[in-house]
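Below is a short briefing on one protein model. Look at the strands and the turns that link them as you read.

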Amino acid sequence: MSEQRRSFNRIPFDADTTVSQGDSSWPVDLIDISLNGILFKQPSDQTIQKSQPVDICITLGDNSQINMNTQLIYSKGDHVGCKCVHIDLDSITQLKRLIELNLGSDEFLERELSALLEEHGHQ
């Protein structure tokens, strides 16, 4: 798992983020995001079930959204990491633009996109 994590640059980022699981949803503090997933601070009054999908909605400053379906892969204290298992085209476009702006290099982004496609069996 740690090798996969190193394939994707994590971008520290703060935006309105909502986590949904089952019939519950709640706001969380976003810590960072990558093409492969998200790390956030979990409120102490909420618990994420590892066996159920976790839906993430990040609202950006221009009111556009990044929506991803994820799976819990890491939980320590109040820090929770989820791996992206599905993201729609509009959301990946927004995420790509966000990472591009933060990395400042198309070369890094292209490498990350290639690693993501390779991981999901698309070459």
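β2 and β3 make a hairpin with two residues between them, and G22 in the turn has a positive phi of about 60°. The model is predicted: local features need pLDDT of at least 70, side-chain atom pairs count only at pLDDT 80 or more, and totals for chains, interfaces and linings use all residues. Residues are numbered from 1 along each chain as its sequence is written, and side-chain values use heavy atoms, with hydrogens and water left out.

**Strand pairing**
- Strands β2 (residues 16–21) and β3 run antiparallel and are joined by six bridges; V19 stands opposite W26 in β3.
- Strands count as paired if DSSP finds at least two bridges between them.
- Strand β1 (residues 11–12) pairs with β3 (residues 24–34) in the antiparallel sense over two bridges, and I11 has I33 in β3 as its bridge partner.
- β3 and β4 (residues 37–41) also run antiparallel, with five bridges; a hairpin through two residues joins them, and L30 faces F40 in β4 as its opposite residue.

**Whole chain**
- The protein chain has three helices and seven strands, where helices (H or I, at least four residues) and strands (E, at least two) are DSSP runs numbered from the N terminus.
- Their order along the sequence is α-β-β-β-β-β-β-β-α-α.
- Of the 123 residues, 37% count as buried, meaning under 20% relative accessible area with a 1.4 Å probe, protein chains only.

**Residue S75**
- S75 lies in strand β6 (residues 65–76).
- S75 is exposed, with a relative accessible area of 52%; the cut-off for exposed is over 50%.
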